[in-house]
Structures are given as structure tokens and as C-alpha cells.
Amino acid sequence: MSIHCTCCELGKMGNGRSGEEDTTTDRLSHLPEPILHHILSFLDTKSAVQTSVLSRAWNRVWKHVPVLDLRRLSFLEYESFQWFVSMVLDLRYPLSLRKLSYLDNCERCKFNIDEESDSFISEFRDVGMCIDVIQYALYYDAQHLLIDLDNEFKDFHQSDKFTDLFGTISNCNLKTLELKYVCINDGLGSCGFRVLTTLDLQLCSLASDQYEDFFSNFPSLEHLILIVCQPWDYSNSIEDDRGLRISGARLLSLKLNFMVCYKMEIFAPRLRFFSLLHDLESLVFMKLSIPSLYHAAIAVEDWANFTKDNRECGAQRFISLFQGLNNVTYLSLDSVTLKALSKISDFLERQQSSPFTKLKSLILKTIGGRKRVSDELVNYFIKGSSSMNPSVECIWPCREPFCHGC
């Protein structure tokens with residue numbers, strides 16, 4: 001009786017050749033080049049360039065990749081990073097870019113140790129290279145540009161060569177612009193960003209003469225993120241009461257985190273999503289005109305020491321904010337905001353009516369659930385709604401501003 005081994009038969013089928021040894025096949029290299037370019041676009045540029053050692057055919061693949069991701073963190077020495085960036089810009093084929101990211105923000109590389117004095121010395125930073133990268137991105141029609149600098153770069157931020165760069169642009173195809181630790185003069189607001197839809201500014205400074213209505217020069221802007229931005233020569237004094245006006249005919253979403261200014265106006269007829277993380281002690285909303293608002297997520301820092309005087313001031317600032325959000329459909333309040341509101345609930349109760357005439361859902365992000373929020377406070381938000389029965393939902397606190405529960 002013969003025994004038939006199924007495992008052996010399957011092995012032969014897997015090899016594709018009966019009785020022959022399996023050989024390793026380089027299937028990746030035989031993929032169409034557009035697919036290879038797409039695969040490499042998910043790597044940082046240093047890793048993409050390193051694939052050139054695989055074979056002679058791979059030597060030129062990275063030069064076609066439509067994404068450049070240049071990271072200081074990938075290099076031990078700044079000079080090596082400089083050389084690498086220059087090499088990439090010189091050797092890459094002259095093709096259109098989809099995205100360029102330039103991250104010169106290596107925390108572990110900020111300082112070198114002086115061997116003689118055994119002390120830290122600040123690392124030299126080359127603003128000229130950053131400008132070359134930006135010009136390269138704009139010349140090759142990049143649609144997405146990310147420039148992430150470093151606080152140690154601040155002396156270079158104010159150089160005329162850097163701040164005047166965007167002012168030389170007559171037109172570009174950028175759709176997304178992300179800037180971190182960058183000082184911006186009036187050039188950015190007056191240049192040709194006609195198709196820009198997303199602007200993300202973090203830890204940036206805006207020139208004082210443009211701070212009042214800086215964003216009116218972006219006709220296609222739909223998404224705006226501002227995190228810890230301030231006037232260029234901000235004095236950090238309560239007497240410095242310059243205001244910021246945000247206006248955009250097409251603006252759909254707005255995120256504000258700890259803006260350094262004291263007066264703010266928002267004019268956005270199509271705005272749907274508004275997220276605020278701030279300290280109302282240092283921010284006053286002078287006017288809010290957002291008639292199409294759908295969802296607002298409010299996270300306001302608690303005032304640690306309420307006195308008779310600042311309780312009334314805090315209540316007025318909350319009431320002013322809420323009056324500007326009167327058309328909102330979904331309103332989210334985090335636990336710290338609820339704690340602050342509980343301290344001024346008597347002021348809110350004295351309001352004859354609630355400003356929230358269209359409210360359908362009140363979302364309370366609190367660990368303790370509904371019992372931790374007073375009925376009087378909840379009633380303030382829902383009593384003016386034209387909706388028959390606005391829902392009140394308690395969910396676990398989450399960092400995502402528009403989360404309805406994880």
C-alpha cells in the first residue's frame with residue numbers, strides 16, 4: 001500500500017516547479033514604477049534614498065518620488081543634514097511635488113558639548129537652506145508644505161531674507177501650508193495663495209501691522225488651525241490689547257488653542273466646526289458672526305482663584321462667548337469648563353433666556369456623569385432651544401474636540 005504525502009505535493013505546487021529547489025524572487029522590483037514611487041512616498045526621504053543600494057535599478061527610483069520628507073532627527077550632525085538636503089535637491093529629477101516636509105527640530109540635537117569646557121554650545125542653524133527648500137517646493141508646484149523649525153531658530157526667523165520670501169510669490173498651487181516656529185510678515189498674507197484650503201500655524205508670530213485681519217487674503221481657505229500664535233512684538237502685558245480678526249467666506253472649521261491676544265472677532269458665514277482651548281482670563285470675544293455653526297467644542301481653562309470681582313468678569317466673558325455661539329446645533333463642554341461654569345452658575349441663572357436657540361444636543365465630557373452637573377446649569381443651555389427635547393449626553397473625557405464618545 002503506497003502512502004501519498006499531501007504536504008510534499010503542496011510544496012511542489014508552491015514552488016511552481018516540481019522537484020526543483022525554491023529560489024528567491026524579487027517581486028517588488030518588478031512592480032510598475034508608479035507603484036514603487038507610491039510605496040516610497042510613505043518613507044522619510046533618507047530611508048527612501050537608502051533603497052538605492054538594493055540594486056542598480058533602484059538607484060533612480062527615489063528620484064521620482066513625489067514626496068520629500070527631510071528630517072533633522074535622522075542625522076547625528078547638522079553638517080550631514082545640510083549635505084543630504086543639498087544632495088537631494090540637486091539629484092532629484094525635475095518633477096512636480098505632491099508634498100514637501102522640512103523638519104529642523106531635533107530635540108536631542110539642539111546642543112553639542114564643547115570638549116574643552118565640557119559645556120553645552122548651541123548648534124548652528126542654516127536659514128538659507130530652509131529658504132532653498134521652500135523655493136524648491138514652490139518651483140515644483142508642491143500642493144502640501146510643512147515647515148517645522150525650532151525655537152533655537154528664532155534669531156533667524158526675523159531675518160529679512162526669510163520673512164520676505166513669501167512676499168515674492170505671485171502664484172502657487174499650495175493647498176495645505178503648515179508652519180511651526182515661524183515669524184510671518186505681511187508678505188504671507190498678500191501673496192498668491194489663491195487655492196490654499198488649509199492653514200496650520202503653531203507657535204508662530206504674525207507681524208503687528210497685519211495681525212488685525214491677517215486671514216482675509218486667503219480666498220479659498222476652508223480649515224484654519226492656530227495654536228499659541230501671537231503678534232510679532234507682543235509685550236505680554238494686559239495693556240497690549242491688540243485684536244485678531246478672523247474672516248473667511250469659505251471657512252468651514254476653526255481651531256484655536258491658547259492664542260496670545262486679548263480681543264478677537266470672527267466673521268465666517270459658512271463655519272461648521274469651532275474648537276476652542278483657551279483661558280478666558282486673557283481672551284475676549286468682541287464679536288462672533290458664525291450663523292451656520294453646527295458643532296462647537298469648548299475647553300476653557302479654570303480660573304484658579306475666583307473672587308467677587310473676577311467671578312463677574314468671568315461670567316460676562318462666558319456669556320459673550322455663548323451669545324456668539326447661539327446658532328450651534330451640537331455643543332461640547334469639557335470637565336474643566338463645567339467646573340468653571342459651576343462657579344458662576346448664579347450669574348447664568350439670572351439670564352432671562354438662553355442664547356442657544358437651535359441647540360439639539362448638549363455633550364458633557366465629565367467623569368462623574370450627569371450627577372456631577374447641576375440641573376440649573378444644564379437648564380441654562382437647553383431652555384432657549386426651539387427643539388422639542390434637546391438631548392443631554394455625558395461621555396468620558398476625550399482629547400478629540402468633536403468626539404461623541406470613544
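Which residues do ring pairs link into a cluster? They are Phe75, Tyr78, Phe81, Phe84 and Tyr102. Here, rings of Phe, Tyr and Trp (its six-membered ring) pair if their centres lie within 6.5 Å, and planes under 30 degrees apart count as stacked, over 60 as edge-to-face and the rest as tilted.

Before going on, please note that this is a predicted model, in which local features need pLDDT of at least 70 and side-chain atom pairs count only at pLDDT 80 or more, while totals for chains, interfaces and linings use all residues. Residues are numbered from 1 along each chain as its sequence is written, and side-chain values use heavy atoms, leaving out hydrogens and water.

By the pairing rule there are 16 aromatic pairs. Let us look at Phe356 and Phe381: their ring centres are 5.5 Å apart and their planes stand at 35°, so this pair is tilted. The pair links distant parts of the chain, 25 residues apart, with Phe356 in the loop between helix H11 (345-349) and strand E19 (361-365) and Phe381 in helix H12 (residues 375-382). Helices (H or I, at least four residues) and strands (E, at least two) are DSSP runs, numbered from the N terminus. Both Phe356 and Phe381 are buried, meaning under 20% relative accessible area with a 1.4 Å probe and protein chains only; over 50% is exposed, and partly exposed lies in between.

Lys46 lies over the face of Phe75, 4.5 Å from the ring centre, and the charged end of Arg350 sits over the ring of Phe347, 4.7 Å from its centre. This requires NZ of Lys or CZ of Arg within 6 Å of the ring centre and within 35 degrees of the ring normal.
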